[in-house]
Amino acid sequence: MQRLLPSPAGPLDDDALFEAYAYPVDRPWVRGNMVASVDGAATADGRSRGLSSAADRRVFRVLRALADVVLVGAGTVRAEGYAAVLPKETFPERRAAAGQPPTAAIAVVSRALDLDLGSALFTGGARTLVVTSEAADPARVAALAEVADVVVAGEHEVDLASAVDQLAERGLERVLCEGGPGLLRDVVAADRLDELCLTVSPQLRAGDAPRVLHGPSLFAGLALTGVLEEDGSLFLRYGRGGA
């Protein structure tokens, strides 16, 4: 892997990747991480896995190792078969040196709470959090509370700004939002996305797959802050700003 921006360099080892993707130390930070084909498809056959590569999975692993919590929508949990993050999947020795627990927690955003409580998401690794609204079914909330920490944010719909604030209050300040496109769109709409990491996979997909943001129209300007490349895949980093 090589760096094209902000200054050319390569090959990049793990130390260089950790330095490149380090979170700010003085404030909570929400980072999105998505993959898309060159023509904008965020999924292939309903999942992101077909767009990924060895280099993308390497960056994915580094981003999870740096995060306190992985924020993900319930639809993505079901489609991608999410499980709790295990220490062997990240860099536990680096996390220990940084004063973090062995793994990042998973925080699932769900209003309907249609989740499989017997799945690997709720066994092993850090205790999963479920973010929902006051309108959620009390019986489902009670059942979830047996296997997860429930965060209530918002009255009828999930209030993502409140959710991020409540995660920070729990010490989970370094947030990694892995989507899907609907959740990431809502994070942007709540003005809580500080950074977007976008892998552009060297594929053309066409079809009707969603883009990395999906939902009602909005506008948010971005500023390009970094570019990495390996085997034709581009790893773009965008911050707030831009025209």
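# Briefing on a predicted single-chain model

Of the 243 residues in the chain, 46% are buried, where buried means under 20% relative accessible area, exposed means over 50%, and partly exposed lies in between (1.4 Å probe, protein chains only). This is a predicted model, in which local features need pLDDT of at least 70 and side-chain atom pairs count only at pLDDT 80 or more, while totals for chains, interfaces and linings use all residues. Residues are numbered from 1 along each chain as its sequence is written, and side-chain values use heavy atoms, with hydrogens and water left out.

## Overall fold and surface

- The chain holds 7 helices and 10 strands; helices (H or I, at least four residues) and strands (E, at least two) are DSSP runs, numbered from the N terminus.
- The chain is as compact as a globular protein of its length, because its radius of gyration of 17 Å is close to the 18 Å that the globule rule gives for 243 residues. The radius is taken over C-alpha atoms, and the globule rule is 2.2 Å times the number of residues to the power 0.38.
- Taken along the principal axes, the box filled by the C-alpha atoms is roughly 55 × 45 × 30 Å.
- Among contacts in the chain with a separation of 6 or more, 68% are between residues 24 or more positions apart. Contact means heavy atoms within 4.5 Å.
- The accessible surface of the chain is about 11500 Å², and carbon and sulfur atoms hold 53% of this surface. Accessible areas come from the Shrake-Rupley method with a 1.4 Å probe; for residues, only the protein chains shown count as cover.
- There are 24 positive and 33 negative side chains, and the centres of the two sets are 2 Å apart. Lys and Arg count as positive and Asp and Glu as negative, with His and the chain ends not counted; the place of a charge is NZ of Lys, CZ of Arg, CG of Asp or CD of Glu.

- Strand β3 (residues 69-73) is largely enclosed by the rest of the structure, because 5 of its 5 residues are buried.
- In a regular strand the side chains alternate between the two faces of the sheet. In β3, V69, L71 and G73 point one way and V70 and V72 the other way, and all are buried.
- With strand β4 (residues 105-109), β3 pairs in the parallel sense over 5 bridges; two strands pair if DSSP finds at least two bridges between them. Opposite V70 stands I106 in β4.
- With strand β7 (residues 174-177), β3 pairs in the parallel sense over 3 bridges. The bridge partner of L71 in β7 is C177.

## Helix α7

- Helix α7 spans residues 181-189, and its buried residues include P181, L183, L184, R185, V187 and V188.
- The cover over the buried residues of α7 includes β2 (29-37), β3, β4, α6 (160-169), β7 and β8 (195-201).
- R185 lies in α7 and counts as buried at 14% relative accessibility. Leaving aside neighbours within four places in sequence, R185 is in contact with L213, H214, G215, P216, S217 and L218.
- A189 is also found in α7, but is partly exposed, with a relative accessible area of 47%. The C-alpha atoms of A189 and A161, 28 residues apart along the chain, are separated by 9.5 Å.

## Cis peptide bonds

- L5 and P6 are joined by a cis peptide bond with omega of about 10°. P6 is in the loop between β1 (2-5) and α1 (14-20).
- G179 and G180 are also joined by a cis peptide bond, with omega of about 5°. G180 is in the loop between β7 and α7.

## Positive phi in loops

- D45, a residue other than glycine, has a positive phi near 55°. D45 sits in the loop between β2 and α2 (54-66) and is exposed, with a relative accessible area of 78%.
- A206, a residue other than glycine, has a positive phi near 50°. A206 sits in the loop between β8 and β9 (222-230) and counts as exposed at 54% relative accessibility.
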